Amino acid sequence: MAFDMRDDIKEVYFTEQQLAEKVAELGARITEDYRDRNPLIVSVLKGSYVFMADLTRRIQTPCNIDFMVVSSYGKGTKTSGEVQIIKDIEQPIDGRDLLIVEDILDSGVTLNYLMQVLMARGANSIRLCTLLSKPARHKVHVPIDYLGFEIPDEFVVGYGLDYAEKYRNLPYIGILKPSVYGGE
Ligand code: XMP
Ligand code: MG
């Protein structure tokens with residue numbers, strides 16, 4: 001029988017419908033808040049690519065779109081707070097109103113560093129929109145301006161989020177069966 005990703009999911013956390021409703025709600029708030037400000041909306045790849053595509057299509061005020069790729073050093077071992085920018089924003093951010101779009105706020109270390117770097121470059125304002133947040137894991141305080149859902153400390157996949165680069169294309173968010181990690 002052909003491999004089906006859905007067989008690896010233990011529990012669906014957020015259905016397509018729940019995600020769509022939340023994204024529409026966030027898009028409406030962002031539209032209101034950024035009217036006539038031509039925000040620069042920046043997605044931190046790769047995990048946020050699905051959220052970014054859906055969210056920006058729910059934003060009804062003119063905006064610019066850009067992408068960043070960053071990698072944190074010492075992930076899982078020690079958090080130095082050092083973040084390497086692998087792919088940078090391609091337009092000047094001086095005086096711009098930035099909206100950073102993330103998939104999930106975990107320790108917050110990456111975002112904290114990133115927001116400081118971008119502020120130092122002369123952005124007029126920086127706000128954060130994250131689909132998910134795991135409060136139990138936060139190590140540094142990063143203010144979230146637009147939040148989708150808070151989740152417990154469980155590893156989630158789908159809607160852009162991966163496990164070993166798989167499951168990003170799952171249309172909903174769920175948690176994996178332990179057998180996928182080599183458990184029972
Ligand atoms: P920080 O710096 O906040 O980094 O610790 C957050 C990044 O950690 C990854 N992450 C996850 N990815 N499912 C995932 O697919 C999860 O449950 C999860 N928790 C953390 C993710 O890359 C995020 O951007
Ligand atoms: Mg990510």
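**Strand E8 and its surroundings**

A: Begin with an open sheet of three strands, in the order E1-E9-E8, with antiparallel pairing. Strands (E, at least two residues) and helices (H or I, at least four) are DSSP runs, numbered from the N terminus. Strand E1 (9-14) and E8 stand at the edges, each with a single partner strand, so one side of each has no neighbour in the sheet. In general, strands of a sheet pair through backbone hydrogen bonds.

This is a predicted model: local features need pLDDT of at least 70, side-chain atom pairs count only at pLDDT 80 or more, and totals for chains, interfaces and linings use all residues. Residues are numbered from 1 along each chain as its sequence is written, while chains are lettered from A and ligands numbered from 1 in the order in which they are written. The mean pLDDT (the predictor's confidence in each residue, from 0 to 100) of the chain is 92. The complex has an ipTM of 0.89 and a pTM of 0.93.

Now zoom in on E8. Two bridges join E8 to strand E9 (residues 173-176). Strands pair if DSSP finds at least two bridges between them. The bridge partner of Val156 in E9 is Ile175.

Stay with Val156. Leaving out residues up to four places away in sequence, Val156 touches Tyr13, Leu132, Ile151, Leu161, Ile173, Gly174 and Ile175. Contact here means C-beta atoms, placed from the backbone, within 7 Å.

Val156 also belongs to the largest nonpolar core, which has 42 residues. Ile100, Val101 and Val156 have the most contacts inside this core. E5 gives the most to it, with six residues. Such a core is a set of buried Ala, Val, Leu, Ile, Met, Phe, Trp, Tyr and Cys residues joined through C-beta atoms within 7 Å. Buried means that 20 or more other C-beta atoms lie within 10 Å of a residue's own.

E5 has another neighbour. In helix H2 (residues 49-56), Val50, Phe51, Met52 and Leu55 are buried. The buried residues of H2 pack against helix H1 (16-33), strand E2 (40-45), E5 and E6.

Last, the ligand. Strand E5 (97-105), helix H3 (109-120) and strand E8 (156-157) each supply at least two residues of the shell around ligand 1. In total, 16 residues surround ligand 1 (C-beta atom within 6 Å). The closest are Asp106, Ser107, Thr110, Phe155 and Leu161. Leu161 is also one of the residues that Val156 touches.

Note on methods. A residue is buried if 20 or more other C-beta atoms lie within 10 Å of its own, exposed if 12 or fewer, and partly exposed in between; C-beta atoms are placed from the backbone. Two residues are in contact if their C-beta atoms, placed from the backbone, lie within 7 Å.
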